[in-house]
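Morning, everyone. Have a look at the sequence and the model on the screen, and then I'll talk you through it.

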Amino acid sequence: EDQVTQSPEALRLQEGESSSLNCSYTVSGLRGLFWYRQDPGKGPEFLFTLYSAGEEKEKERLKATLTKKESFLHITAPKPEDSATYLCAVQARGNTPLVFGKGTRLSVIA
Amino acid sequence: NAGVTQTPKFQVLKTGQSMTLQCAQDMNHNSMYWYRQDPGMGLRLIYYSASEGTTDKGEVPNGYNVSRLNKREFSLRLESAAPSQTSVYFCASDDRAQRVTEAFFGQGTRLTVV
């Protein structure tokens with residue numbers, strides 16, 4: 001069974017304090033790993049797709065990396081507007097639907 | 001470009017009432033999904049439609065039915081609502097049958113069953 005575990009459940013940072021969110025996964029052949037951002041009362045918004053171990057992608061203060069067992073979302077010098085829940089999801093081979101983790105709720109305090 | 005549109009945004013039902021949640025996408029995607037999101041549980045798949053004319057059960061299908069009306073529209077029906085179905089419901093669509101691609105989500109329907 002495909003599984004995604006995200007840690008920590010919640011993270012509180014001071015503005016400018018860099019940190020990382022973790023996404024561990026077990027999947028029967030990874031087709032893609034996805035990161036989403038979700039603001040309160042909104043639907044998830046796509047951030048990144050990673051396809052193979054060693055791959056990295058960046059967007060503003062966010063950088064996503066992938067190994068064979070986990071992915072990290074690094075947040076460099078975060079700002080209060082980065083506060084949100086970050087969701088990780090995997091798609092296994094065979095065209096199966098996304099399997100989501102429970103998310104990490106990030107709060108950045110000014 | 002609207003993307004994925006869900007209606008209604010909010011709904012309160014009494015136990016035993018029925019209702020249909022509507023979802024439409026304008027991105028010409030083949031695949032559509034219904035998820036529910038509960039505190040501490042993350043997003044859980046209820047039903048999905050890989051292509052027009054097909055539907056499949058997800059992780060939590062009990063108490064729900066779906067209809068893929070056409071390529072654009074995918075509805076979720078609660079025949080006899082129960083308090084356990086109080087949740088936020090999200091519809092999503094993508095084109096994963098063609099390539100690995102991200103899913104696009106609607107803004108959600110917040111349903112309360114009393």
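This is a predicted model: local features need pLDDT of at least 70, side-chain atom pairs count only at pLDDT 80 or more; totals for chains, interfaces and linings use all residues.

Residues are numbered from 1 along each chain as its sequence is written, chains are lettered from A and ligands numbered from 1 in the order in which they are written, and side-chain values use heavy atoms, with hydrogens and water left out.

Okay, the interface. On one side we have 20 residues of chain B, in contact with 21 residues of chain A; contact here means heavy atoms within 4.5 Å. The size of an interface is often given as the accessible area lost when the parts come together. For chain B and chain A the buried area is about 1700 Å², and carbon and sulfur atoms give 58% of that. That's the accessible area, with a 1.4 Å probe, that the two parts lose on being put together, summed over both.

What about polar contacts between chain B and chain A? The count is three residue pairs, both residues at pLDDT 80 or more. A polar contact is a pair of N or O atoms within 3.5 Å; within protein, one has to be able to donate a hydrogen and the other to accept it, and residues adjacent in sequence count only if both atoms are side-chain atoms. On chain B, the elements giving two or more residues to the side that touches chain A are β4 (31-38) and β5 (42-49). Of these, β5(B) gives the most, with four residues. Strands are DSSP runs of E, at least two residues, and helices are runs of H or I, at least four, numbered from the N terminus. By class, that side of chain B has eleven nonpolar, six polar and three charged residues. Nonpolar is Ala, Val, Leu, Ile, Met, Phe, Trp, Tyr, Cys and Pro, charged is Asp, Glu, Lys and Arg, and the others, Gly among them, go down as polar.

Now the rings. Over all chains there are nine aromatic pairs. The rule takes rings of Phe, Tyr and Trp (its six-membered ring) with centres within 6.5 Å; planes under 30 degrees apart are stacked, over 60 edge-to-face, the rest tilted. One pair is A:Tyr36 with B:Phe105, edge-to-face at 5.6 Å centre to centre and 85° between the planes. A:Tyr36 sits in strand β4 (residues 30-38) of chain A and B:Phe105 in strand β10 (residues 104-105) of chain B, so this one joins two chains. Both A:Tyr36 and B:Phe105 are buried, meaning under 20% relative accessible area, with exposed over 50% and partly exposed in between (1.4 Å probe, protein chains only).

B:Tyr33 and B:Tyr35 make a tilted pair, because their centres are 6.4 Å apart and their planes at 35°. B:Tyr33 is buried at 3% relative accessibility, and B:Tyr35 is buried at 2%. Ring pairs link A:Tyr36, A:Phe46, A:Phe100, B:Tyr33, B:Tyr35, B:Tyr48 and B:Phe105 into a cluster.

B:Gln6 is in strand β1 (residues 4-7) and is buried, at 4% relative accessibility.

Leaving aside neighbours within four places in sequence, the contacts of B:Leu111 include B:Leu13, B:Met19 and B:Leu78.

Last up, salt bridges. How many are there over all chains? The count comes to seven, where a salt bridge is a side-chain nitrogen of Lys or Arg within 4 Å of a carboxyl oxygen of Asp or Glu. Across the interface of chain B and chain A, the rule finds zero. In chain A, A:Arg61 and A:Asp82 meet at 2.8 Å, N to O. They're 21 residues apart, and the pair links distant parts of the chain. A:Asp82 is buried at 6% relative accessibility.

In chain B, B:Arg44 bridges to B:Asp38, with the closest N and O atoms 2.9 Å apart. B:Arg44 is buried at 16% relative accessible area and B:Asp38 at 13%.
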